[in-house]
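Dear colleague,

I am passing on the structure below, and my notes on it follow directly after.

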Amino acid sequence: TPVDPLLTAEEVALRLRVSKDWVWDHSSRKTPRLPVIRMGDGALRYRASQIEEFISERERLSAVTHGRR
């Protein structure tokens, strides 16, 4: 079975082309919420597959919002 790598906030920021602060903000208090895994030491990790699903969902919602289906 393929491994679903865990990404750091920095790696997610690079994938989404946003700042690390944006990733942190959207991992806790802001919408849209990123699917986050909180490690015991306060570190945040993200499943690569869930980040791709997040992108797909934002894309789908953008299309609906702008009248394209």
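Pro-2 belongs to the segment before strand 1 (6-7), where strands (E, at least two residues) and helices (H or I, at least four) are DSSP runs numbered from the N terminus. Pro-2 is exposed, with a relative accessible area of 79%, on a scale where exposed means over 50%, buried under 20% and partly exposed in between (1.4 Å probe, protein chains only). Its C-alpha atom is separated by 20 Å from that of Val-12, 10 residues apart along the chain.

Please bear in mind that this is a predicted model, in which local features need pLDDT of at least 70 and side-chain atom pairs count only at pLDDT 80 or more, while totals for chains, interfaces and linings use all residues. Residues are numbered from 1 along each chain as its sequence is written, and side-chain values use heavy atoms, with hydrogens and water left out.

Val-12 returns in the contact between two helices, made by Val-12, Arg-15 and Leu-16 of helix 1 together with Ile-51, Glu-52, Phe-54 and Ile-55 of helix 3, contact meaning heavy atoms within 4.5 Å. Of these residues, five are nonpolar, none polar and two charged, with Val, Leu, Ile and Phe among those counted as nonpolar and Arg and Glu among the charged.

His-26, finally, sits in the loop between helix 2 (20-25) and strand 2 (37-38) and is buried, with a relative accessible area of 6%. Leaving aside residues up to four places away in sequence, His-26 touches Thr-31, Pro-32, Arg-33 and Leu-34.
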